[in-house]
Amino acid sequence: MATSAGWPHTRPRIACFATQGSGHRDEERIRTLLREFEPTALPFDRDRKLREVARLVLSVGRQRPDLVAMEGTGIAGGLAVLLTRSLLGIPFVVSTGDAVAPFLRRRHPLLAPVAVLYERLLYRRAAGVIAWTPYLAGRALTLGARRAMYAPNWAPGRASVEEAQEVRHELGLAPADVVFGIAGSLDWNERVGYCYGSELVRAIRRVERDDVKVVIVGDGSGRQHLERLAGPRLGTTVLLTGRVPRERVPAFLSAFDVGSLPQSVDQVGALRYTTKLSEYLAATLPIVTGQIPLAYEFGSRWLWRLPGDAPWDEPYIAALAKLMAHLRRDEVERRRAVVPAVSTFDRDLQVENVTAFIEDLVLPALDRRARGR
């Protein structure tokens with residue numbers, strides 16, 4: 001089989017788009033993974049989904065790429081690639097970071113039957129699936145995908161010790177403070193009363209220590225709820241930074257002592273890695289998480305596993321509060337020293353693997369087409 005160093009005829013023509021919309025980090029991810037093919041990025045406006053279905057189909061029909069790659073599993077994007085496959089015969093690959101049906105069922109319970117059918121159809125009609133985790137790759141194969149692999153994303157960069165110290169100084173953190181932190185979109189889930197960081201705020205309200213701090217980086221609908229939950233701790237042991245420039249996020253993560261990786265122990269949370277994992281590893285940051293598969297995958301000495309079905313459950317919050325009440329800096333440093341260096345999250349390795357995967361999907365058809373001329 002030929003490789004990207006010497007394709008047998010011409011470079012395979014790949015088009016890609018992200019269901020989260022043009023300019024989103026998901027679009028950057030798929031373009032990076034496909035960079036050896038110099039893919040054409042198709043515009044997608046997630047606020048006008050129905051219109052975008054027709055526009056995508058027409059655009060693919062005009063360009064006639066050898067393959068369409070979709071990052072995300074939004075129904076509008078999925079409908080577009082299913083239509084281009086059926087009407088135009090153009091194969092597609094889907095890259096996914098979620099178990100589609102459980103994710104949609106959690107947000108819209110009435111759509112559960114439709115979500116199950118959609119996920120199965122999407123995987124069965126796809127030429128291949130690029131999952132964010134090995135668990136999601138296995139799920140895709142179980143649901144009928146012909147081929148699957150996984151590419152779990154990568155951290156945007158590393159921060160220096162000086163940059164991390166500068167952040168701690170900006171936040172007014174003392175050298176002896178033990179800092180639990182998280183960075184992400186603070187989207188409030190009304191049904192369960194949760195957003196990123198609320199597990200940290202609820203836990204620290206139970207802890208009588210001035211040298212344990214919670215830092216939450218990000219903004220969104222959950223911020224006002226976090227302020228309410230923090231009560232008198234807001235601005236003292238609970239610090240909300242708001243949104244920070246993306247290039248500074250690694251410095252904030254490196255300023256933490258423990259990174260929170262809150263995921264539910266169900267088919268939504270248990271099958272994920274999330275981008276936070278690669279970022280925490282890049283920052284050599286010990287993490288606290290639930291009893292999910294990844295917590296047993298890369299060794300145990302660098303993290304803490306907490307009981308409970310979800311980070312908003314009482315057993316999880318109680319265990320987190322207990323950890324905060326007793327954790328000492330020497331234990332943090334001991335765990336930081338054994339944070340693993342995991343090649344799985346190397347960007348260039350993922351690009352290499354995805355390139356090989358796409359070649360194996362596309363080149364046989366191109367060879368047959370060339371021989372038939």
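Here is a short chat about a few labels used for this predicted model.

Reader: Why are α1 and α14 called roughly perpendicular?
Author: Helix α1 (residues 25–33) and helix α14 (residues 347–371) pack at an angle of about 65°, their axes being 8 Å apart. The label covers 65 to 115 degrees, so α1 and α14 are roughly perpendicular to each other.

Reader: Which residues make that contact?
Author: From α1 you get Arg29, Thr32 and Leu33, while α14 brings in Arg347, Gln350, Val351, Val354 and Thr355. Sorted by class, the contact of α1 with α14 has three nonpolar, three polar and two charged residues.

Reader: On to Arg168, then. Why is Arg168 called buried?
Author: Its relative accessible area is 13%. Buried means under 20%, so Arg168 counts as buried. You'll find Arg168 in helix α7 (residues 161–171).

Reader: What makes the pairing of Arg168 with Ala255 a polar contact?
Author: A polar atom of the Arg168 side chain lies 2.8 Å from the backbone oxygen of Ala255, and the cut-off is within 3.5 Å. Setting aside neighbours within four places in sequence, Arg168 also touches other residues, including Leu173, Pro175, Asp257 and Arg329.

Reader: How do you know that Ile75 is partly exposed?
Author: Ile75, in helix α3 (residues 75–88), has a relative accessible area of 42%. Buried stops under 20% and exposed begins over 50%, so Ile75 is partly exposed.

Reader: What does Ile75 contact, leaving aside neighbours within four places in sequence?
Author: Leu104 and Tyr118. As for Ser160, 85 residues from Ile75 along the chain, the two C-alpha atoms are separated by 41 Å.

Terms used
Residues numbered from 1 in each chain as written. Predicted model: local features only at pLDDT ≥ 70, side-chain atom pairs only at ≥ 80, totals over all residues. Heavy atoms only, no water. Axes fitted to C-alpha atoms, helices over the stretch in contact; angles between N-to-C directions. Helix = DSSP H or I, 4+ residues; strand = E, 2+ residues; numbered from the N terminus. Parallel < 35°, antiparallel > 145°, perpendicular 65-115°, else oblique. Contact = heavy atoms within 4.5 Å. Nonpolar A, V, L, I, M, F, W, Y, C, P; charged D, E, K, R; others polar. Buried < 20%, exposed > 50% of the residue type's maximum accessible area, 1.4 Å probe, protein only. Polar contact = N/O pair within 3.5 Å; in protein donor to acceptor, adjacent residues only side chain to side chain.
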